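Notebook open. I want to look up the aromatic rings first, then the pocket.

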Amino acid sequence: SDLAEASANIARKSMGWFPSKDEKERLVLLEGIAKKHADSLAVVQAEERALEARLKPLYGIVSREFWVEQRRAISNSIETVHKMAADNAWYSALFSLGNVESLQELVMQIIGQYVIATVVLYFFGVVFYALWTAPWTVYAYSSSVFDIIPGIVSYILAVGLMLLPLLVCGGALVGLLYYTAKNRAGPNPPPVGGQEPRPPQAAPNPRAQGVQQERARQEHQNRQQERYAPQMPRNEGGGFGGPVHDVD
């Protein structure tokens with residue numbers, strides 16, 4: 001099919017502005033062969049899908065084939081989301097070339113658009129997988145009522161696996177926003193009412209207060225005594241008072 005399609009494309013490109021009758025007939029013949037091969041391939045693929053549908057209940061939900069299909073579906077969803085997010089970021093950057101002032105701003109805008117589009121599109125991808133792909137896959141691999149409990153458990157695990165990147169990105173985004181808000185607020189943000197918060201005070205201790213009052217009173221008395229005490233003259237021996245006389 002691919003070879004016939006490639007031959008038809010080569011013949012179509014090699015034709016001039018005014019193709020001859022032989023060239024037209026050759027192109028029609030090649031296109032007919034390519035269409036015939038494509039129809040045959042479509043029939044074979046339909047038979048293959050029907051055979052796989054009959055084999056899936058034989059494999060069962062708890063099987064390697066089931067999880068291989070889940071991994072393929074999740075990988076296809078992630079690849080589609082990345083492609084759409086990249087296209088959105090690229091076209092957004094093209095439309096905003098006249099508004100950016102530097103190359104760094106353009107790069108940051110592309111990265112921001114890509115991250116935001118990835119998160120939003122991946123959320124819709126998770127919703128589509130959880131409401132359409134995963135239930136029909138579980139139904140296709142189930143064969144009896146005994147597969148209800150394994151099907152529910154497998155469905156929860158598959159959706160959780162699909163949801164894991166979104167949870168990681170959401171947690172990282174919340175942490176980044178919290179860190180940014182904390183840095184902007186500073187180490188000691190101003191209070192709401194305009195008053196500084198008072199530090200908590202410990203309960204008074206009566207015994208310690210009594211000791212402090214007694215100590216303060218004693219110091220006050222000592223200062224008073226030192227202030228109003230008479231100044232005694234020093235004698236020659238270095239002591240206070242008058243001259244020392246010998247007593248007979």
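I pair rings of Phe, Tyr and Trp (its six-membered ring) if their centres lie within 6.5 Å; planes under 30 degrees apart I call stacked, over 60 edge-to-face, the rest tilted. The model is predicted, so I note that local features need pLDDT of at least 70 and side-chain atom pairs pLDDT 80 or more, while totals for chains, interfaces and linings use all residues. Numbering runs from 1 along each chain as its sequence is written, and side-chain values use heavy atoms, with hydrogens and water left out.

**Rings**

I get five aromatic pairs. Phe66 and Tyr141 are edge-to-face, because their centres are 5.3 Å apart and their planes at 85°. This pair links distant parts of the chain, with Phe66 in helix α3 and Tyr141 in helix α4, 75 residues apart. (Helices are DSSP runs of H or I, at least four residues, numbered from the N terminus.) Phe66 is buried at 1% relative accessibility, and Tyr141 is buried at 3%. My cut-offs, with a 1.4 Å probe and protein chains only: buried under 20% relative accessible area, exposed over 50%, partly exposed in between. Ring pairs join Phe66, Trp67 and Tyr141 into a cluster.

I also looked up Trp136 and Tyr139, an edge-to-face pair at 5.8 Å centre to centre and 90° between the planes. They sit three residues apart in helix α4, so about one helical turn separates them. Trp136 is partly exposed at 48%; Tyr139 is exposed at 58%.

**Pocket**

α5 gives the most to the lining of the largest pocket, with eight residues.

Methods: Helices (H or I, at least four residues) and strands (E, at least two) are DSSP runs, numbered from the N terminus.
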